Amino acid sequence: MTLSKVPTPQAMGSHQPSRSLERLREPFRTRARAMLARLDAAGVPYFVAETDRNEARARMLTMRGTGIVKSQHRLGLALDVLPARGSWPAADDPFWVALSEAALAEGLTHGVMHRGSVDLPHVQLLPPERDHALWAAHDAGTLDALLASV
């Protein structure tokens, strides 16, 4: 088996998070990179905790109460960003303000409501009210066409 044929952990149903920006779909990948560049320019240390996720991981996180099955992560349209300092900051920490401002400047949605609380590390392409349309397009095989208009 050549190296290019070795299945990735995500393809094998791994519950490990993917952190690769390359696995994100356009136009989200370009906007996410620009958002992270804004954090870099502002001197805000961060790390990408997760990008895309497979269905097995989404189901596992849903069972834990920390995710949803039909997340934009599964479509390659979301990522989670945490401060590089390793501790979880309070909700009013300047890190979250910087992340939100950088996301909004690139036309992204930050900190969606999830099970009654704001998911502060989460950044996604479209607001949650567009999730149904995204998944309908995914199921119909027209997601790329829908994303071309975003």
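This is a predicted model: local features need pLDDT of at least 70, side-chain atom pairs count only at pLDDT 80 or more; totals for chains, interfaces and linings use all residues.
## Elements and overall make-up

Among contacts with a separation of 6 or more, 62% are between residues 24 or more positions apart.

## A buried glutamine in a loop

Glutamine 72 is found in the loop between helix H2 (55-64) and strand S2 (78-83). Its relative accessible area is 1%, and because buried means under 20%, glutamine 72 counts as buried. Leaving aside residues up to four places away in sequence, glutamine 72 touches Leu77, Ala78, Gln124, Leu125, Leu126, Pro127, Asp131 and Leu134.

## Helix H1 and its covered face

Helix H1, which runs over residues 28-41, has 14 residues and reaches 20 Å from its first C-alpha to its last, close to the 20 Å expected at 1.5 Å a residue. The buried residues of H1 are Phe28, Arg29, Ala32, Met35, Leu36 and Leu39. Seen down the helix axis, these buried residues of H1 fall within an arc of 125°, so they line one face of the helix. An α-helix has 3.6 residues a turn, so residues three or four places apart point the same way.

What covers the buried residues of H1 includes strand S1 (46-50), strand S2, helix H3 (94-105) and strand S6 (122-124). Just after H1, glycine 43 takes a positive phi of about 75°.

A search of the whole structure finds eight salt bridges. In one of them, the side chains of arginine 23 and aspartate 52 meet at 3.0 Å, N to O. Arginine 23 lies in the segment before H1 and aspartate 52 in the loop between S1 and H2, so this pair ties together parts that are 29 residues apart in sequence. Arginine 23 is partly exposed, at 34% relative accessibility, whereas aspartate 52 is buried, at 9%. Another salt bridge joins aspartate 144 to arginine 25, with the closest N and O atoms 2.8 Å apart; because aspartate 144 lies in helix H5 (residues 143-148) and arginine 25 in the segment before H1, the parts tied together are 119 residues apart in sequence. Aspartate 144 is exposed, at 54% relative accessibility, and arginine 25 is partly exposed, at 28%.

Aspartate 80 and arginine 53 also form a salt bridge, their closest N and O atoms being 3.7 Å apart, and this pair links strand S2 with the loop between S1 and H2, 27 residues apart. Aspartate 80 is buried, with a relative accessible area of 12%, and arginine 53 is buried as well, at 7%. Salt bridges that share partners join Glu50, Arg53 and Asp80 into one network.

## Aromatic pairs

The structure has two aromatic pairs. Tryptophan 88 and tryptophan 96 form a tilted pair, 5.6 Å centre to centre, with 50° between the planes. The rings of phenylalanine 95 and tryptophan 96 have their centres 5.1 Å apart and their planes at 75°, and because an angle over 60 degrees counts as edge-to-face, that is how this pair is classed.

Tryptophan 88 is exposed, with a relative accessible area of 57%, whereas tryptophan 96 is buried at 2% and phenylalanine 95 is buried at 4%.

Terms used
Residues are numbered from 1 along each chain as its sequence is written. Side-chain values use heavy atoms; hydrogens and water are left out. Rings of Phe, Tyr and Trp (its six-membered ring) pair if their centres lie within 6.5 Å; planes under 30 degrees apart count as stacked, over 60 as edge-to-face and the rest as tilted. Buried means under 20% relative accessible area, exposed over 50%, partly exposed in between (1.4 Å probe, protein chains only). Helices (H or I, at least four residues) and strands (E, at least two) are DSSP runs, numbered from the N terminus. Contact means heavy atoms within 4.5 Å. The expected span of a helix is 1.5 Å times one less than its number of residues. The arc is that of the directions from the helix axis to the C-beta atoms. A salt bridge is a side-chain nitrogen of Lys or Arg within 4 Å of a carboxyl oxygen of Asp or Glu.
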